Amino acid sequence: MNNPKSKIQNPKSIIGQRIPKLDAPDKVTGRMTYGHDVTLPGMLHGRILYSRYPHARVLNIDTSRAGQLPGVKGVLTAADNPPTKFGYGKDNTPFKRDNVRSLRDEIAGVVATDPDIAEEALALIEVEYEPLPPVFTVTDALTPGAPLIHPERKSNLFNSFDYNHGDLETGEAESEVVVEASYRLPYVNAAAMETSVVVAQFDHRGHLTMWSVTQIPFLLQRDLSEALGIPGSQIRIIQTAIGGAFGRGLDIYPFEPIAALMSRKTGKPVRLAFSRHEEFTAGPARQPAQVTIRAGADKNGKLTFRDVSMVLDIGAYVSWGSVTPLVMMETAASLYEVPHVHFKADCVYTNNPVTGAVRGYGNPQSTFFTETIMDRLAEALRMDQAQFRILNSNRPNTETPQGLIITSCGLKECLETVAAAADKGSADGAGGVGGIPPLSPRHTLGMKPNKGGSIGAPGQESNGTSTERLGSRQLTMDNDKVKRGIGFASTLNVGGGARIYRSDGCGATVKMDDFGHVTLITGSSEIGQGSETVLAQIVADVLGVQVSDITVLNSDTDVKPWDVGVHASRTTFIAGNAAHIAAKEARAQLFETAAEILGVEPDQLIARNGKIEVIADKATEDNPKSKIQNPKSISLGKVARSRHFREGGQVIIGEGWYDPPTKLVDKDTYKGNISATYGFGSQMAEVEVDTETGIVRVLRLACANDVGRAINPMAVEGQIEGGAQMGLGYALTEELIVKDGQVLNPDFRLYRLFTAADMPKIETFLIETDDPEGPFGAKGVCEMGGTPTAAAIANAIYDAVGIRMTELPMTPERILAALDKKQKESA
């Protein structure tokens, strides 16, 4: 690594070490305090009554019987609402007053001494409705004269995105081949193990403290101020331990101000915790989309144009589901080098569940249709799928027509790595899968003819025997029912934040006590991704201490500096840079005092092994093989005490603030460099398709990711593998089934997650490109693990049996239907 911003003071660097997560012992021993574990003296419990209809007028609410139930301490309705609306679209209130627009709409709330009494009281509330005509599809919602979800808006179209670069007509005229496909993408739930929970308490001053599983403590502070009509300075957010959030906590939702209203009305702390059913029905989901894409390439294999149009169902209220087209647009316009692009997306209100952010934030959807269309183009050109992608891959130190400034870029290396992994074949048997020979090298331009001499389609045989072509291993099993194939897909993702607010920054404070122990106070939040450990490694390396010598504080808005929140794969890059700056400032103070004690210049010092040492030869600082004989040294604690306990003394404390050199995209053109760096990744999926049952088994998933530099390789691998697990579910099993506004599978029995028993072998390859802006060259990777997975699997299914899947998840029923359609078309 030759990054001048990441000069490593410790020859035995902690950067790059596989260090377990700092919170792992507390989590595995049960000592960790999660949101559901928070208990306060006199705490009451809240429950919410939801609408009986997806669209109706509320005529009357009678809460008298509920209020008389023993143990009930308060009943709330829209009469308790502050006179303000909140949320991204300013279209939401805690309780709904006149109209309800979805089955999730909150009608009333009960506060009681225990949850069961509160639940019993809900059944005693009588609500009189006048049903209104509902709208459940985007097509119906956009039909002239359709019932309006929000009549004051005059239309069910919330917003549109229309992006262009180049000229489509020129691109199409330059094309040797043009392909087109339409896709239907489903609702998906974040499916965090811990359900949403909040504890709210007002103190004697009227100040609110809220214990929350949010991902955006400071933005929630602002949003609650708006929703409750109280100053943000009177709101304190304490983030409880989070095992995983996956985007669920990126916005304010009604249950949070409702809990605050309950506490204010009763004068007691109130806990409001979702059941699993509520988590599926009242929480945000990944928005469904209908997509059409056309794309072309010239005779040399270079991409010429992409034209994407889509309609998204955002549900009854606006959350971050209405902003995902910004990310989808990035994939369509800037993944690979494409000279001509048009992208159009409409976000539409319906009476369906609200949609929001889910891990990947639009990228799993856009990568699915972009990368499956890439496979169609490669086939039309008779080019190897991997080589076609390499030919068009993004390159370092370039700028896309969209305005993305790409500094480090390892996409080509990622593709070459997974292509090589495909050629090695599966390790599930001697020399291949189940004894089948490993994949032979075939990543060259062109297409290998079948045994009969003609070029056959995937899954078809020219002479009744097994076939093979480049980019696949088409194998006929003993009973001719199980086919195997491989597929590739790549992804582009922001890796250095995403400026969607005026500030994308993060603050950090590093202080050392009189005994040499270090405390990092960071604005960033730990939501299970391991950021505490990575940030501690950065600080430890700068100060020459061990990770065990560092305490990380990051949960309380009254204590920590500001940060925009956990999203956009930003924490390692942005919070890491802030921590790096703060640690270097603290080290400069240590060196200043140590230099006085040791009688040398500060630039002759190095921090390592809990000491400050004099370097006899300055060149040895960057030479880990140097032998320094009996160097002068002094412990960090002694330096800290010497600086502290003297006239005009000071403590060791460094401050850091990092806001990346990015800008908001232009609101008219949607162009601009939204992130300080970009991550890239590629995957190869090897699958087995049973043509009698439609079951798809993923045998192997090879994942190569450009990570800049892996500060903690074990943590990076964990993020990639966890993302792949979500990508596998998106590909094959996960779908929130919504009919007439109602979720039909609101539990883990019916909502099918990939479990440990379902997981295939995953091979991870970390491609280090040493990003010039990242801390020690690192950049974000969290979301990329799952974004290309569904596309790689879909391409592998086509390779195996010759069917193009355009609807997710690719269930056995859908596989069989596609095979039947193919058979009928062939006949």
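**The whole chain**

Start with everything selected: buried residues make up 62% of the 827 residues in the chain, where buried means under 20% relative accessible area, exposed over 50% and partly exposed in between, with a 1.4 Å probe and protein chains only. This is a predicted model, in which local features need pLDDT of at least 70 and side-chain atom pairs count only at pLDDT 80 or more, while totals for chains, interfaces and linings use all residues. Residues are numbered from 1 along each chain as its sequence is written, and side-chain values use heavy atoms, with hydrogens and water left out.

Switch to a cartoon view and you will find 18 helices and 32 strands; these are DSSP runs, helices being H or I with at least four residues and strands E with at least two, numbered from the N terminus. The radius of gyration is 28 Å, close to the 28 Å that the globule rule gives for 827 residues, so the chain is as compact as a globular protein of that length. That radius is taken over C-alpha atoms, and the rule is 2.2 Å times the number of residues to the power 0.38. Along the principal axes, the C-alpha atoms fill a box of roughly 90 × 85 × 50 Å.

**Stop one: H340**

Next, select H340, in strand β17 (residues 340–349). Is H340 buried or exposed? Its relative accessibility is 11%, so H340 counts as buried.

Now select β24, β25 and β26, an open sheet with the order β24-β25-β26 and antiparallel pairing; two strands pair if DSSP finds at least two bridges between them. β24 and β26 (633–635) stand at the edges, each with a single partner strand, so one side of each is left without a neighbour in the sheet. The twist averages 20° from one strand to the next.

Zoom in on β24 (residues 605–608): L605 and A607 point one way, I606 and R608 the other, and all are buried. Four bridges link β24 to β25 (residues 611–614), and L605 has V614 as its bridge partner there. In the hairpin between these strands, N609 takes a positive phi near 55°. On the other pairing, three bridges join β25 to β26, with S633 as the partner of E613.

How values were computed:
Axes are lines fitted to C-alpha atoms, for helices over the stretch in contact, and angles run from 0 to 180 degrees between N-to-C directions.
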